[in-house]
Amino acid sequence: MQLGHYSTTKKGRPVWMSRAETEKFIACGTSELSRQVMRLLSFGLRVSEVRNLNDGDLINRDGCYWLIIRKSKTGYRENPASSKVESYKFPLVSQRGTRLSTRQMQRYVIQTGEVYAQQYPEDIDEESKTHKALYIRPHDFRRSAATQLLTGDGGEPLDPNHVKTFLGWKLDSTVFLNHYITHAGIRSSPKITDERSKNSLFD
């Protein structure tokens with residue numbers, strides 16, 4: 001895990017996880033519901049997008065599951081998720097018919113970080129003497145997913161324009177350029193891997 005530094009006006013610290021670390025983190029989830037939520041976050045979705053998903057928003061195209069994002073900051077988009085998802089029930093509606101709140105999702109991630117820290121005690125931040133997993137919050141899954149795709153963690157690097165399209169950034173996004181491209185250490189656009197972009201991004 002890598003830790004960044006927030007300015008003094010923000011709380012906490014940003015965290016980047018590798019694909020392997022993301023999988024280990026999800027496996028530490030304290031319930032099936034929490035693991036389902038974190039799985040959706042690991043596909044690069046915003047918390048608000050996870051909350052708005054419905055049962056009909058997962059479709060199978062030639063063995064690859066796609067998430068249909070109907071409401072986002074950049075409008076409608078389709079996100080190729082994983083060909084390994086054989087069945088999926090969105091855990092977004094409680095028994096009372098109320099969607100999971102942002103606070104609930106954050107609680108799931110914080111609880112999982114505590115379990116992860118116990119199971120993998122060696123990943124301590126030397127500066128703060130705090131386990132890195134204790135800093136993880138829902139949005140860190142999104143920043144990690146983007147970096148994984150840009151650097152080819154788990155497969156060939158994906159062209160930045162593909163990443164922006166699939167994960168929902170505007171094509172002229174300076175945040176994406178300055179934050180994600182810079183962190184990934186990309187000096188120029190990697191080769192376009194159209195084959196990967198047509199299939200699942202997170203297998």
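Residues are numbered from 1 along each chain as its sequence is written. Because the model is predicted, local features need pLDDT of at least 70 and side-chain atom pairs count only at pLDDT 80 or more, while totals for chains, interfaces and linings use all residues; side-chain values use heavy atoms, with hydrogens and water left out.

The protein contains 8 helices and 7 strands, taken as DSSP runs numbered from the N terminus (helices: H or I, at least four residues; strands: E, at least two). Of its 203 residues, 49% are buried, meaning under 20% relative accessible area with a 1.4 Å probe, protein chains only, whereas exposed means over 50% and partly exposed lies in between. Contacts are heavy atoms within 4.5 Å; among those between residues at least 6 apart in sequence, 63% join residues at least 24 apart.

How do two packed helices get described? For helix α1 (residues 19–27) and helix α4 (residues 102–119), the axes come within 8 Å and cross at roughly 100 degrees. That makes α1 roughly perpendicular to α4, a label for angles of 65 to 115 degrees. Here E21, K24 and F25 of α1 meet V109, T112, G113 and Y116 of α4.

Finally, K129 sits in the loop between β6 (124–125) and β7 (130–131). K129 is not a glycine, yet has a positive phi of about 60 degrees. Is K129 buried or exposed? With a relative accessible area of 59%, K129 is exposed.

Key
Axes fitted to C-alpha atoms, helices over the stretch in contact; angles between N-to-C directions. Parallel < 35°, antiparallel > 145°, perpendicular 65-115°, else oblique.
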